[in-house]
Amino acid sequence: MVNLINKHVGLEVEFDESLLKELEQIAIKHYPNEIGGYLLGKYESKNKKAVVYKQVLALSYINSPTIFKHIVDDETKVLLEKTFEEEGIHYIGEWHTHPNSNSGYSQTDFKALKKVANDKKTNIENPILLIIGFNKKGIKDYSFYVIENNKIFKYEKE
Ligand SMILES: [Zn+2]
């Protein structure tokens, strides 16, 4: 498992290396367009640590080499709710790729994440955003971000 922390906000994220391998394959398959989906998992340590259990590829989305926007349609809602019930894991954030680019977030990315944090329906205060910077050969870099009080923070290696 890989553990990243943001000391400023005191939040952690944990994930298995295999998650990155899986996302790398998906990223390359959809090259040169962006692609993305949902991160599901659990909160531990009094909600201070988010553990990523799996990703779910978005079923419905709009994308281009510089755009990724997932659409939460009825089919997506059913799939996510089924996973929540069967596996006891929850929505903890999202991920998307940046083809031929790095894992820095755009203002659009920031705004979208803020919207999730402020959405009472999702009931999640500190959603995670994973951005994968990659090219045809594979992942160049990746970053996990988290929102707290409408500010975005990056998770770092301890
Ligand atoms: Zn982006």
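This note walks through a predicted model, point by point.

1. **The sheet.** Start with the strands. Nine of them form an open sheet, in the order β10-β9-β8-β7-β3-β4-β2-β1-β11. The pairing is mixed. The edge strands are β10 and β11 (156–157), and each of these pairs on one side only. As background, strands of a sheet pair through backbone hydrogen bonds, either parallel or antiparallel.

2. **Parallel pairs.** β2 and β4 run parallel and are joined by three bridges. Glutamate 14 has valine 51, in β4, as its bridge partner. β7 and β8 also run parallel, with seven bridges between them. Here threonine 97 has isoleucine 132, in β8, as its bridge partner. To get from β7 to β8, the chain passes through helix α3 (residues 107–118). This β-α-β crossover is right-handed.

3. **Antiparallel pairs.** Now move to β9. It runs antiparallel to β8, and eight bridges join the two. Leucine 129 stands opposite tyrosine 145 in β9. The link from β8 to β9 is a hairpin through two residues. Strand β9 (residues 138–148) is also antiparallel to strand β10 (residues 151–154), with four bridges.

4. **The β9–β10 turn.** This hairpin has two residues between its strands. Asparagine 149, in the turn, has a positive phi of about 45°. Asparagine 150 lies in the loop between β9 and β10. Its phi is positive too, about 65°, although asparagine 150 is not a glycine. Most residues other than glycine have a negative phi, and most peptide bonds are trans. Is asparagine 150 buried or exposed? It counts as exposed, because it has 10 C-beta neighbours inside 10 Å and the cut-off for exposed is 12 or fewer.

5. Lysine 46 sits in the loop between β3 and β4. It has a positive phi of about 55° and is not a glycine. Lysine 46 is exposed, with 6 other C-beta atoms within 10 Å. The other detail is at proline 32, in the loop between α1 and β3. A cis peptide bond joins tyrosine 31 to proline 32, with omega about 5°.

6. **The core.** In soluble globular proteins, nonpolar side chains tend to be buried together. The largest nonpolar core here has 28 residues. Val13, Leu39, Ile128, Leu130 and Ile132 touch the most other members. Elements that give two or more residues to this core include α1 (17–29), β3 (36–44) and β7 (90–99). Which element gives the largest share? It is β8, with six residues.

7. **β8 and leucine 130.** Why is β8 described as largely enclosed by the rest of the structure? Because six of its eight residues are buried. Setting aside neighbours within four places in sequence, leucine 130 is in contact with Leu39, Gly93, Trp95, Tyr142 and Phe144.

8. **Helices on the sheet.** α1 lies across β1 (2–6), β2, β4, β7, β8 and β9. It runs at about 30° to β4. α2 also packs on the sheet, where it touches β3, β4 and β7. The direction of α2 makes about 135° with that of β4.

9. **A check on α2.** Helix α2 covers residues 74–87, which is 14 residues. At 1.5 Å a residue, it should span 20 Å. Its end C-alpha atoms are 20 Å apart, so the two agree. α2 is hardly covered: its count of buried residues is zero. Just after α2, glycine 88 takes a positive phi of about 65°.

10. **Asparagine 102 and serine 143.** Asparagine 102 is in the loop between β7 and α3, while serine 143 is in strand β9. They are 41 residues apart in sequence and 9.0 Å apart in space, C-alpha to C-alpha. Asparagine 102 is partly exposed, with 13 other C-beta atoms within 10 Å. Serine 143 is partly exposed, with 18. Not counting residues up to four places away in sequence, asparagine 102 touches Gly133, Lys140 and Asp141.

Key
Residues numbered from 1 in each chain as written. Predicted model: local features only at pLDDT ≥ 70, side-chain atom pairs only at ≥ 80, totals over all residues. Expected span 1.5 Å × (residues − 1). Buried ≥ 20, exposed ≤ 12 C-beta atoms within 10 Å, placed from the backbone. Pairing = 2+ DSSP bridges. Core = buried A, V, L, I, M, F, W, Y, C linked by C-beta atoms within 7 Å. Contact = placed C-beta atoms within 7 Å. Axes fitted to C-alpha atoms, helices over the stretch in contact; angles between N-to-C directions. Right-handed = clockwise from strand over helix to strand, strands pointing away.
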